[in-house]
Amino acid sequence: MKLFRPEAVPGFLSAIGLLLVWTGVSLFFLPTFLPSPLALLNQVISIFSHAAAYLVIGKTLERVLAGLVLSMLLGSLIGLVMGLRRSVESFFDGWIMVLLTFPSICWAFLAVLWFGLSDIAPIFTIVLIVLPYVAMNIWEGAKAIDKDLSDMATVFRAPRFLFLRKVLIPQLMPYIFSSLRISFALSWKIALVSEAFGASRGVGKELMYWFQGTRADMMLAWGASFMLLMVAIDALVLRPWENRVFSWRPAAV
Amino acid sequence: MASHAVVIDGLCKKFPTPSGQGEFTVIESLSLQIACGSFASIVGPSGCGKSTLLNIIAGIEPRDAGEVRVQSQDGAHSGARIGYVFQSPRLLNWLTVEDNIKFALEAQNIGRSSWDERVAKYLHMVGLAGQERNFPLKLSGGMQQRVAIARALAIEPDILLMDEPFSHLDEITARKMRVDLMQILEHARPTILFVTHSLREAVFLSEEVYMMSVKPARIFKHLRVDIPRPREPEDPRLFDLEKGLVKEFFAVLEQDFR
């Protein structure tokens, strides 16, 4: 890998520019209202140097993953049968529209009213908001299935399960991965909002705590910490996985 | 041992008209018997219902009337193995060449212990030894079609259906594939039903040629090609046969369109 890439120069310059402007503006405010980038970095380091922070982040991550897995599984299943069966399509069509248009924040509040301070509230909220996006996406994918390949599988008498594994699901993989990306990005944002109102522990709860103490610096530090974690998961888990699954594609020219 | 691999009796097929009102008849009371072990071609103009006929035999298209029986060598009606080479390769691009063939073997419930041996044997036969681990999209169109042929042969079918398998290839590649197909068939000899719009291709490849007319499809001529193999593509006897058939073809077509 080359260390110097000319195409990366504009991005690098804009990052430097942002940090300079940020540092300049922060001189006019209290560090707890708008910290300088360096002060923020210090806060992030201090968060990560306390063992308790890992418990808090772990708790949130647990809810994000539970919500993500549930919405991916249920959404894929619903989207798949909708794409393959006309009758099911009209059955779920209305429900998907309701879920897509109902205000997300309502779910977050309702979940707290219904389930109280528990793990269920944030997971419930994630599933209700993310599931329709997944279902819509997989539905599109299932409608785009190549009939020629299905016919080929029928001629060779592929049993249902073999057809599913080797013919159907591989064609859905691009849709599954784009759903996974959207779901992942949505899930952790929803989890934080939901935790702010309805959890006894979690990153969202931390944000609420520091909000009530009017400590913008700590809110930014928690937000940045969690962001770093999410970027790391994307770069270290999702991307390599995706590259491996699609290795059969000729490299883009 | 059954004497016929495929028996078609009084087959009818209708399609709805494009306007959605009424139907038109694609195939009307068509009867045909393909002897075991023979290479039979059906020649007809585009859109005459040749592919539809193959799809009905393969069981991916329903029929409206008549009988279609595909028999295995031992005479059983059910459980006859059907291999199909389509116009386009129809490979599973996310599986390696080897796994594409194994897909067909698994679908046909063929014992796992023979898979590696069959993959090696048939890939070698179509001239693709060493490509086992490659993905289809890294191969040329001609090579992909060879994989499709190996996949169809690997299940050791009772009947091999081929639907204009070389029509998507450039003429030079197609010519090479035809000659190679002849060589392959010296080693593996299933019954073959080959569909094409090219009389030259049909007389070069087959022992039996059936000529089909349009709207509705019916067979108006059956011809045996007795020229022994291996045949040369430039054999003058093949040209003479082709010339005679072309004449008859146009006579019938003109009647049809009058």
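This note walks through a predicted model with chains A and B, one point at a time.

1. **Confidence in chain A.** Helix 7 of chain A (residues 147–155) has the highest confidence, at 95. Helix 4 of chain A (residues 86–101) has the lowest, at a mean of 86.

2. **Make-up of chain A.** Chain A holds 10 helices and 0 strands. Read from the N terminus, its elements run α-α-α-α-α-α-α-α-α-α. Along the principal axes, its C-alpha atoms fill a box of roughly 75 × 55 × 30 Å.

3. **Burial and surface of chain A.** Of the 253 residues in chain A, 39% are buried. The accessible surface of chain A is about 14,600 Å². Carbon and sulfur atoms account for 73% of that surface. Look also at the contacts between residues at least 6 apart in sequence: in chain A, 72% of them join residues at least 24 apart.

4. **Make-up of chain B.** Chain B has 7 helices and 9 strands. Its C-alpha trace spans about 55 × 45 × 40 Å along the principal axes. Does the radius of gyration of chain B agree or disagree with that of a compact globule? It agrees, because a compact globule of 258 residues would have a value near 18 Å and chain B has 19 Å.

5. **Burial and surface of chain B.** In chain B, 54% of the 258 residues count as buried. Chain B exposes about 11,700 Å², and carbon and sulfur atoms supply 49% of this area. Among its contacts with a separation of 6 or more, 71% come from residues 24 or more positions apart.

6. **The six-stranded sheet.** Chain B has an open sheet of 6 strands, in the order 5-6-7-3-8-9, with mixed pairing. Its edges are strand 5 (82–85) and strand 9 of chain B, each of which pairs on one side only. On average, neighbouring strands of this sheet are turned by 20° against each other, direction ignored.

7. Strand 8 of chain B shows both kinds of pairing. With strand 3 (residues 39–43) of chain B it runs parallel, through 4 bridges. Here Ala40(B) has Glu208(B) as its bridge partner. With strand 9 (residues 218–224) of chain B, strand 8 (residues 208–213) runs antiparallel, through 6 bridges. Here Met212(B) is bridged to Ile219(B).

8. **The hairpin turn.** Strand 8 and strand 9 of chain B form a hairpin with 4 residues between the strands. Check Lys215(B) in this hairpin: it takes a positive phi near 45°.

9. **The three-stranded sheet.** A further open sheet in chain B has 3 strands in the order 2-1-4, with antiparallel pairing. Strand 2 (23–35) and strand 4 (65–70) of chain B are the edge strands, each pairing on one side only. Neighbouring strands here are turned by 20° on average, direction ignored. Strand 1 (residues 4–16) and strand 4 of chain B are joined by 5 bridges. One bridge pair is Ile8(B) with Val68(B).

10. Which strands does helix 1 (residues 50–58) of chain B lie across? They are strand 1, strand 2 and strand 4 of chain B. Helix 1 of chain B runs at about 120° to strand 1 of chain B.

Definitions and conventions:
Residues numbered from 1 in each chain as written. Chains lettered and ligands numbered in written order. Predicted model: local features only at pLDDT ≥ 70, side-chain atom pairs only at ≥ 80, totals over all residues. Heavy atoms only, no water. Pairing = 2+ DSSP bridges. Helix = DSSP H or I, 4+ residues; strand = E, 2+ residues; numbered from the N terminus. pLDDT = per-residue confidence, 0-100. Rg over C-alpha atoms; globule rule 2.2 N^0.38 Å. Buried < 20%, exposed > 50% of the residue type's maximum accessible area, 1.4 Å probe, protein only. Contact = heavy atoms within 4.5 Å. Areas by Shrake-Rupley, 256 points an atom, 1.4 Å probe, with all protein chains shown as cover. Axes fitted to C-alpha atoms, helices over the stretch in contact; angles between N-to-C directions.
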